[in-house]
Amino acid sequence: MRIDYDHIARTIAALTDGESDEVALMATVVCEVHHADDRFDWTGFYRVTAPEMLKIGPYQGGHGCLSIPFSRGVCGAAARMGTVQLVPDVEAFPDHIACASSTRSEIVLPVRDGAGRVIAVFDIDSDQQAAFTEEDAARLGEILAAVFGRI
């Protein structure tokens, strides 16, 4: 099953309408996205909780890393640089943090609030190599901007 981005965007918009609590929004987004695509083995948010530090937020799948500094791994790179990290092979990514041994590829998107500040990263892992595309990055980015850009 592949994600239907138009349907997911409409569903998430309806479910989050009027909500401003970041954690409630994250929980809703992660639940809807995670169950929409067979490629998605682990889906979750890492929240910026201190300068240069991410802490695990709402997620679906097995356990994730509890804390990730901006200086480490794919999630840290997305937070530090403020750019999407599309990693077709995590073994080839310098300083990849293996929270789960099943992860083969990963996409991580910065999450920005209405003022443009990075408040979190949205991380999706797959047990398949090269599972994610530029379309995934663009469409997920649109959903995140629509939900979190209003807070």
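**Asp-113 and a few other spots worth a look**

The side chain of Asp-113 comes within 3.0 Å of the backbone nitrogen of Ala-115. This is a predicted model, in which local features need pLDDT of at least 70 and side-chain atom pairs count only at pLDDT 80 or more, while totals for chains, interfaces and linings use all residues. Residues are numbered from 1 along each chain as its sequence is written, and side-chain values use heavy atoms, with hydrogens and water left out.

Asp-113 sits in the loop between strand S5 (105-112) and strand S6 (118-126); strands (E, at least two residues) and helices (H or I, at least four) are DSSP runs, numbered from the N terminus. Its side chain also makes a polar contact with the side chain of Arg-117, at 2.7 Å. A polar contact here is a pair of N or O atoms within 3.5 Å; within protein, one must be able to donate a hydrogen and the other to accept it, and residues adjacent in sequence count only if both atoms are side-chain atoms. With a relative accessible area of 8%, Asp-113 is buried (buried is under 20% relative accessible area, exposed over 50%, partly exposed in between, with a 1.4 Å probe and protein chains only). Setting aside residues up to four places away in sequence, Asp-113 touches Ile-119, Phe-148, Gly-149 and Ile-151, where contact means heavy atoms within 4.5 Å.

Glu-22 belongs to helix H2 (residues 22-34) and is partly exposed, at 35% relative accessibility. Neighbours within four places in sequence aside, Glu-22 is in contact with Ile-119, Phe-148 and Ile-151. Leu-54 is 32 residues from Glu-22 in sequence, and their C-alpha atoms are 15 Å apart in space.

What about the cysteines? A search of the whole structure turns up 0 disulfides, a disulfide being a pair of cysteine sulfur atoms within 2.5 Å. Cys-31 is in none, and the nearest cysteine sulfur, that of Cys-75, is 20 Å away. Cys-31 counts as partly exposed because its relative accessibility is 31%, whereas Cys-75, at 4%, counts as buried.

Two loop residues have a positive phi without being glycines. One is Glu-52, with a phi of about 60°, found in the loop between strand S1 (42-50) and strand S2 (53-60). The other is Ala-130, with a phi of about 50°, in the loop between S6 and helix H4 (134-148). Ala-130 counts as exposed, since its relative accessibility is 51%.
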